[in-house]
Amino acid sequence: MTSDQIILFSLFGGVFGMLLWGKFRYDIVALSALLIGVVLGVVPEDDAFSGFGHPATLVVALVLVVSAGLVRSGAVFLITRTLVDSSRGLGAHIALMGGIGGVLSAFMNNVAALALLMPVDIQTARKAGRAPSLSLMPLSFATILGGMVTLIGTPPNIIIATIREDTLGEPFRMFDFAPVGGITAIAGMAFVALIGWRFIPQRTGTHQAGDPMEDYAEYIAELTIPEDSKLIDQRLRDLYEVAEKNDVAILGLVRGGKRRYGTAGSTRLQAGDALVLEATPDALDEYRAAESLDFADAKREELLRAEGQGLAVIEVVVTEQSRLTGRTAQSIGLAWRQRTVLMGISRQGKSIRQQIRKTPIRTGDILLLLVPQDSANDVTEWLGCLPLADRGLAVTEDKKVWWAIGMFGAAVIAASLGLVYLPVALGIVVVAFVLSKIVPLSELYSHIEWPVVVLLGSMIPLGAALETSGGTELIAGALVDLTQGLPAWMILTVLMVVTMTLSDVLNNTATTIVAAPVGIQMATSLGVNPDPFLMAVAVAASCAFLTPIGHKNNTLILGPGGYGFGDYWRMGLPLEILVVCVSIPAILVFWPL
């Protein structure tokens, strides 16, 4: 073993040890290891930061922005609001949510897919009167499984494709992972929906600590029926079912400046009517998108959009010194002075009998405001209110939903057919989302998970240095010696089990960067096709189901689900065994040795 190999193995060992310890964040650990490698001379200075311009790093960053655009356009709401129903049995709910999560994860980052669906799952569990822990872990596992189907579904697939391009001259294409990943994902999700969820420890009660919906205030708000609405001439009571499905309560109707209660349910709706609603900000926005409604001050909304600044939603608390205290939004000229629309009021007792903009504001009221992009601080200061912590509230651009879906679909098709390089295709989608104001320019970089970018940018040069120094060949040789005399398919299984074990305790991207070159070297030593070994690494690195630290999705559900560290392996261990048993034959069929 050479001195360079010793240093690099020590660096990787130190990185893995620090990641297991968990005291320092993974991006700081990886960057420190890279800098030490440069100082010690095992990583060339010219290649030190090459990982930050690597296609794998760029694709991961772009996918996160595209995912945010699909949310802002209402594309995700379009799917979930038509399919999710709290009256379904637990098994059927898990199968449906897992299916939605799996499909979304195939075409967007699987962490983003879980982040989108987790609040939906928690809300559904609360409506059904069951603990979220029974469905959150199956949803997490389903999004992990779904990510294996396409190139962009999960970072390990992206890394595998680029390593193949660097080593063999051609990357895997968009759907090259689909035969093996699809079969494995279907088998895994069937197990989770039919059997696996029964292994999850039962939790008493319906609320779990960390429920992200718990802190959301419910607002009395108004939404207006536009001129071309499909709701015109329908009775108000006809809207109750869709509203309840979106966790929104319809309290009444405003027509001609007067509130209608009691018999309002039989009233036929007209253009310009305002629905009086009670809902959380997210539910309110989802219902607005579902029914294509306008904000209460539709004319002001149109002016704001015409100015091209984009819109933001903020929450503020009214103080005793606020200029709003005892006055109405209309009387202080909130709309024309600050170009701001009062969307809703959250008040203890909820005794609001007038139109929202004509309601006198009290100290302690929480206001939901629609403001011009980048004007939140100015509006809050002018009002003399206190801002609530930013909860990532956004205005769904539902009128652009099909434009967003079409752009993304065209990019996926173009990349799949090899017409456009994938990073370029995704970059075009990002630019289109920004130009069409689906993703505000001011929020563009906030959607990128920079610690992941730093991790990838740091580990890629280290992985390349390990391969250049002959380190991966050394590891491959050790595994080949260990499996001497065994058939190639058994060696493939050993590689998969080792990779899967590493991925359960380490970051899956770091595991892939180390294991993929090892798989290529093992195939070279055996004189067989390296593609089956790369596929085995791709599947194994993605399937981390034994711990909450092996995959970010498992970490995301830890608090909201109220899980313990030892809860994951109960369903995760049989699932990992199933993955190995299903994927190895599939690999041998679709990627022969």
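How close do the axes of helix H5 and helix H7 come, and at what angle do they cross? I found that the axes of H5 (residues 90-107) and H7 (residues 133-146) come within 7 Å and cross at roughly 30°. Because of that angle, H5 is roughly parallel to H7; the word covers angles under 35 degrees, while over 145 is roughly antiparallel, 65 to 115 roughly perpendicular and the rest oblique. I noted that axes are lines fitted to C-alpha atoms, for helices over the stretch in contact, with angles from 0 to 180 degrees between N-to-C directions. Helices (H or I, at least four residues) and strands (E, at least two) are DSSP runs, numbered from the N terminus.

Entry on the source. I am reading a predicted model, in which local features need pLDDT of at least 70 and side-chain atom pairs count only at pLDDT 80 or more, while totals for chains, interfaces and linings use all residues. Residues are numbered from 1 along each chain as its sequence is written, and side-chain values use heavy atoms, with hydrogens and water left out.

Entry on confidence. The pLDDT (the predictor's confidence in each residue, from 0 to 100) averages 83 over the chain, and 89% of the residues score at least 70. I marked residues 204-215, where pLDDT stays under 50. For that stretch the model has 29 contacts (heavy atoms within 4.5 Å) beyond four places in sequence.

Entry on the whole chain. I counted 23 helices and nine strands. Of the 593 residues, 58% are buried, where buried means under 20% relative accessible area, exposed over 50% and partly exposed in between (1.4 Å probe, protein chains only). Among contacts with a separation of 6 or more, 80% join residues 24 or more positions apart.

Back to H5 and H7. H5 passes H7 in a right-handed crossing; a crossing is right-handed if the near helix is turned clockwise from the far one by less than a right angle, and left-handed if anticlockwise. On the H5 side I listed Leu90, His93, Ile94, Met97, Gly98, Gly101, Gly102, Ser105 and Ala106, which meet Leu134, Ser135, Pro138, Leu139, Ala142, Thr143 and Gly146 of H7. By class, this contact has eight nonpolar, eight polar and no charged residues. Ala, Val, Leu, Ile, Met, Phe, Trp, Tyr, Cys and Pro count as nonpolar, Asp, Glu, Lys and Arg as charged, and the others, Gly among them, as polar.

What else does H7 cross? The axes of H7 and helix H9 (residues 178-194) come within 9 Å and cross at roughly 170°. H7 and H9 are therefore roughly antiparallel to each other. Pro138, Phe141, Ala142, Leu145 and Gly146 of H7 make the contact with Thr184, Ala185, Gly188, Met189 and Val192 of H9. I sorted the residues of this contact into seven nonpolar, three polar and no charged.

Entry on H20 and H21. The axes of H20 (residues 508-526) and H21 (residues 531-542) come within 8 Å and cross at roughly 155°. That angle is why H20 is roughly antiparallel to H21. Their crossing is right-handed. The residues of H20 that meet H21 include Asn508, Gly519 and Leu526, and those on the H21 side are Phe533, Leu534, Val537 and Ala541.

Entry on Gln338. Leaving aside neighbours within four places in sequence, Gln338 is in contact with Gly333, Pro372, Asp378, Val379 and Trp382. I also noted 8.9 Å between the C-alpha atoms of Gln338 and Ser375, which are 37 residues apart along the chain.

Entry on positive phi. Arg339 lies in the loop between H13 and strand S7 (341-346), and its phi is near 50°, positive in a residue other than glycine. Arg339 is partly exposed at 25% relative accessibility. Lys437, in the loop between H16 (422-435) and H17 (450-468), has phi near 65°, again a positive value in a residue other than glycine. Lys437 is partly exposed, with a relative accessible area of 36%.
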